[in-house]
Amino acid sequence: MTKKLALVLLAGTVLLLLNGYARAEVRDNAGLFGEDAVRQANERIAKLGVPVVVETYAALPDAMLKSYNPQRKDESFAAYSKQRVQQVAPDGVYVLVTTNPNYVSVTEGTKNVIRGADTNAVRNAMVHSFGAKNFDEGLLRGLDALSTSTGLRNAAPGAAAVEAAPQAQTGQA
């Protein structure tokens with residue numbers, strides 16, 4: 001009887017850990033997106049088949065403050081994003097958006113679910129709309145680009161592919 005109980009408890013613990021570990025979603029801490037855009041984005045993420053976490057912050061995340069160097073902005077964002085993707089989407093994609101400083105970073109985890117050049121396409125799709133203060137559009141366009149790069153064209157019926165521009169993986173929005 002005790003072995004059975006231990007097995008049930010172990011299985012429950014594993015399920016709880018996995019639920020928090022690979023939860024893919026939009027976490028709009030900066031309040032950039034409307035409710036409908038977040039709902040649509042989460043639906044598209046669910047159809048991708050890979051974990052995708054989008055986090056927004058009005059300022060730098062607390063965990064990034066200690067190591068942030070404004071003269072080495074790209075490296076600071078890359079280091080934080082590489083660490084964060086391992087925490088929230090190790091087999092998927094992590095998107096970090098900050099508004100002070102304006103920055104978008106797209107980082108993939110260990111599974112290489114998208115081609116490196118396609119992280120640029122995702123980022124560029126978002127930055128283009130964000131620059132015009134069309135945050136909802138930018139979020140959805142970025143996910144459309146991600147859908148195209150993973151080969152899953154069903155995330156947004158009729159969505160146009162966004163071509164990669166020759167820019168760095170991360171950079172200012």
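Helices (H or I, at least four residues) and strands (E, at least two) are DSSP runs, numbered from the N terminus. The structure above is a predicted model, in which local features need pLDDT of at least 70 and side-chain atom pairs count only at pLDDT 80 or more, while totals for chains, interfaces and linings use all residues. Residues are numbered from 1 along each chain as its sequence is written, and side-chain values use heavy atoms, with hydrogens and water left out.

**Exercise 1: the overall layout**

Task: Work out which order the elements of the protein chain follow from the N terminus on.

Solution: Start with the inventory, which comes to 6 helices and 5 strands. Now walk along from the N terminus, and the elements read α-β-α-β-α-α-β-β-α-α-β. Next, turn to burial (buried is under 20% relative accessible area, exposed over 50%, partly exposed in between, with a 1.4 Å probe and protein chains only). Of the 173 residues, 44% count as buried. Finally, look at contacts, meaning heavy atoms within 4.5 Å. Among those with a separation of 6 or more, 63% are between residues 24 or more positions apart.

**Exercise 2: strands around β3**

Task: Find how β3 pairs with β2 and with β4.

Solution: Two strands pair if DSSP finds at least two bridges between them. On one side, β2 and β3 run parallel and are joined by 6 bridges; here V52 stands opposite V93 in β3. With β4, β3 pairs in the antiparallel sense over 7 bridges, and L96 has S105 in β4 as its bridge partner. A hairpin of 2 residues links β3 to β4. As for cover, 6 of the 7 residues of β3 are buried.

Now bring in a helix: S81 belongs to α4 (residues 73-88). S81 counts as buried because its relative accessibility is 0%. Leaving aside neighbours within four places in sequence, S81 contacts Y94, L96, S105 and T107.

**Exercise 3: the nonpolar cores**

Solution: A nonpolar core is a set of buried Ala, Val, Leu, Ile, Met, Phe, Trp, Tyr and Cys residues joined through side-chain atoms within 4.5 Å. The largest has 28 residues, and V26, F33, V52, L139 and L146 have the most contacts inside it. Another core, of 13 residues, lies apart from it and includes Y57, M64, V88 and Y94.

Take V52 as a closer look: not counting residues up to four places away in sequence, V52 touches A24, E25, I45, V93, L143 and L146.

**Exercise 4: α2 against α6**

Task: Describe how the axes of α2 and α6 cross.

Solution: Two packed helices are described by the angle between their axes and the distance between the axes. Axes are lines fitted to C-alpha atoms, for helices over the stretch in contact, and angles run from 0 to 180 degrees between N-to-C directions. The axes of α2 and α6 come within 10 Å and cross at roughly 10 degrees. Therefore α2 is roughly parallel to α6, since angles under 35 degrees count as roughly parallel, over 145 as roughly antiparallel, 65 to 115 as roughly perpendicular and the rest as oblique. For the residues, A37, Q40, A41, R44, I45 and L48 in α2 meet D136, L139, L140, L143, D144, L146 and S147 in α6.
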